[in-house]
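Here is a note for a colleague who is opening this structure for the first time. Please read the points beside the sequence and the coordinates.

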Protein chains: 2
Amino acid sequence: MKRGAATLPLAAGLLFLGPWSVLLAQTPPPKPLTSAEVLAASTAADWRALDPADTLYLDLAAGRVVIELSRVHAPQHVAAIKTLARARYWDGLAINRLQDNFVAQWGDPENKKPLPKLAPMPPEFSRAIAPDVPFSALPDADGWARQVGFTQGMAAARSATEQWLVHCYGALGVGRDNEPESGLGNELYVVIGQSPRQLDGNVAVVGKVWRGMELLASLPRGTAGGLGLYEKVEQRVPIRSLRLASDVPAAERTTLEVLREDREVFARFVESRRNRRDGWYVKPAGHIDVCNIAVPVREVAASGP
Amino acid sequence: MKRGAATLPLAAGLLFLGPWSVLLAQTPPPKPLTSAEVLAASTAADWRALDPADTLYLDLAAGRVVIELSRVHAPQHVAAIKTLARARYWDGLAINRLQDNFVAQWGDPENKKPLPKLAPMPPEFSRAIAPDVPFSALPDADGWARQVGFTQGMAAARSATEQWLVHCYGALGVGRDNEPESGLGNELYVVIGQSPRQLDGNVAVVGKVWRGMELLASLPRGTAGGLGLYEKVEQRVPIRSLRLASDVPAAERTTLEVLREDREVFARFVESRRNRRDGWYVKPAGHIDVCNIAVPVREVAASGP
């Protein structure tokens with residue numbers, strides 16, 4: 001019944017053997033586990049703390065959205081975003097676009113607010129594979145890319161030579177005009193619906209929302225321009241502040257840890273999502289899509305400054 | 001770069017040649033078209049009117065959600081849902097579950113409201129393939145099923161012998177307890193995020209939302225039980241009425257037409273989504289996922305009784 005499970009994962013494993021496949025082969029789980037059982041058996045070393053220097057807090061009246069940036073995948077756009085955050089560029093601007101089953105977007109649609117000086121940037125739609133670029137391959141087939149997997153807990157894909165972050169729920173991307181070089185980092189969007197993978201390779205994905213997606217996804221949809229833009233300025237959702245976590249006093253930080261994809265427990269977690277062992281399921285899928293894996297995240301007590 | 005585009009669609013076309021593949025082979029588009037260009041060239045015969053006898057109106061304070069039922073795929077659950085709608089079972093009940101990136105669900109969580117008499121039902125998780133069961137195959141590979149495509153404009157999948165509706169954004173499913181036969185049709189859910197395809201074959205998908213998804217997807221998320229249940233009864237979203245369109249006066253109906261998947265224009269529309277020709281895109285994907293195709297729907301003037 002499952003084409004993918006029968007043939008493609010094996011071929012993928014042989015052609016693109018990654019650390020994950022190795023781990024799976026070395027230590028097959030003694031018995032099928034539920035996701036809860038897998039996580040209950042995790043240790044401190046299986047979790048990675050977000051680096052405050054690479055973490056954004058988008059503070060709205062409804063609460064905080066916590067976003068991690070990927071310097072590895074979009075160093076120049078990430079640097080620009082940090083410059084913008086430090087300049088308090090977005091504070092007082094607003095979320096102005098909510099397109100159903102697509103994106104929530106914020107910025108300055110009237111281009112009134114002066115931008116701090118930003119260096120010209122290449123598109124950063126993808127980057128070259130290199131030994132120091134982390135990637136844990138998923139053995140499951142993907143229709144959009146030769147290979148998919150995870151890097152920093154973010155869904156990613158690879159060709160023979162390039163690697164890029166893909167558009168799953170919660171992905172943070174850099175809005176741009178028609179010119180590939182036109183994305184400066186001041187217009188940002190987050191995916192709020194079915195993964196729009198057709199955008200992969202067409203835009204710079206620069207990070208991922210780890211907490212607060214429900215605050216973005218539950219906003220009223222806009223109706224203007226066929227793009228989900230709010231018709232009226234007063235419908236826009238004000239941004240109280242968008243700051244780097246490292247610029248926020250320690251007592252005001254949200255301290256999150258993410259399950260590390262290079263640990264055996266991650267492979268076991270994925271298997272628990274690929275073939276559900278909860279009592280409710282009668283038919284395990286035998287497959288998982290990279291965008292159907294919600295990488296575990298947890299809040300921990302802040303360690304202080 | 002794209003594994004799927006290179007090999008799998010060809011194999012799929014050879015193994016499971018459907019009407020769609022035939023149409024594509026007979027009449028390749030003279031030049032690549034945008035989706036807007038494809039639809040602008042459609043004719044009246046390319047569209048199918050929803051049958052009021054198979055259409056539900058979920059009326060909320062915020063507006064109307066229009067849902068089509070599939071008698072072909074779940075005849076007994078659809079019959080039960082019609083019985084429940086005619087008994088005004090849901091009127092005054094509420095949407096009580098909003099799980100982010102998963103489902104909106106309604107019913108009677110306290111089981112207080114008497115159910116009309118319903119016959120026992122088989123699970124209807126899938127049905128046998130038969131000559132009179134429509135299916136237009138998508139040539140693109142799918143990780144979850146041997147073959148995917150469309151039936152009544154709804155995303156569907158096939159094994160060698162069975163066919164079922166799949167969990168894409170907007171799919172309507174029948175909630176159930178752990179026993180496969182426990183879904184009566186009184187608890188209904190709609191997919192509001194990334195397609196939870198792991199549910200396929202585990203639950204009866206019985207229809208699709210054609211209009212008003214934004215009314216469900218923008219509701220506040222619930223926080224109880226790890227299931228998105230609203231904590232408090234007053235958070236629930238009241239259902240003004242849930243009626244069959246055929247039980248609603250003609251002047252109060254919402255008259256929709258859906259692009260027919262057995263028409264050449266549909267194949268051209270899919271190709272316009274598979275390889276975007278808008279000026280914005282620099283890299284056509286060469287692939288499309290069955291859940292990434294928003295089947296076109298339009299409102300027309302009611303013809304009246």
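**Notes on the predicted model**

1. Start with one salt bridge. The side chains of A:D46 and A:R263 meet at 2.7 Å, N to O. A salt bridge here is a side-chain nitrogen of Lys or Arg within 4 Å of a carboxyl oxygen of Asp or Glu. A:D46 sits in the loop between helix 4 (35-40) and strand 1 (47-49) of chain A, and A:R263 in the loop between strand 16 (256-259) and helix 7 (264-274) of chain A, so the pair ties together parts that are 217 residues apart in sequence. Over all chains the structure holds 36 salt bridges.

2. A word on the basis. This is a predicted model: local features need pLDDT of at least 70, side-chain atom pairs count only at pLDDT 80 or more, and totals for chains, interfaces and linings use all residues. Residues are numbered from 1 along each chain as its sequence is written, chains are lettered from A in the order in which they are written, and side-chain values use heavy atoms, without hydrogens and water. Helices (H or I, at least four residues) and strands (E, at least two) are DSSP runs, numbered from the N terminus.

3. Next, an open sheet of chain A. Nine strands take the order 14-4-5-12-11-13-3-2-15, with antiparallel pairing. Two strands pair if DSSP finds at least two bridges between them. Strand 14 (237-238) and strand 15 (241-244) of chain A stand at the edges with a single partner strand each, so one side of each has no neighbour in the sheet. Strand 11 (171-174) and strand 12 (188-191) of chain A pair over three bridges. There, A:G173 stands opposite A:Y189.

4. Helix 5 (75-86) of chain A lies across strands of chain A, including strand 2 (55-60), strand 3 (63-69) and strand 13 (205-211). Contact means heavy atoms within 4.5 Å. Helix 5 runs at about 120 degrees to strand 15 of chain A. Axes are lines fitted to C-alpha atoms, for helices over the stretch in contact, and angles run from 0 to 180 degrees between N-to-C directions.

5. Chain A also has an open sheet of five strands, in the order 6-10-9-8-7, with antiparallel pairing. Strand 8 (147-151) and strand 9 (154-158) of chain A pair over five bridges. A:V148 stands opposite A:A157.

6. Last, the interface. Chain B gives 54 residues to the contact and chain A gives 53. About 4,500 Å² is buried between them, 53% of it from carbon and sulfur atoms. Buried area is the accessible area (1.4 Å probe) that two parts lose on being put together, summed over both. Between chain B and chain A there are zero salt bridges.
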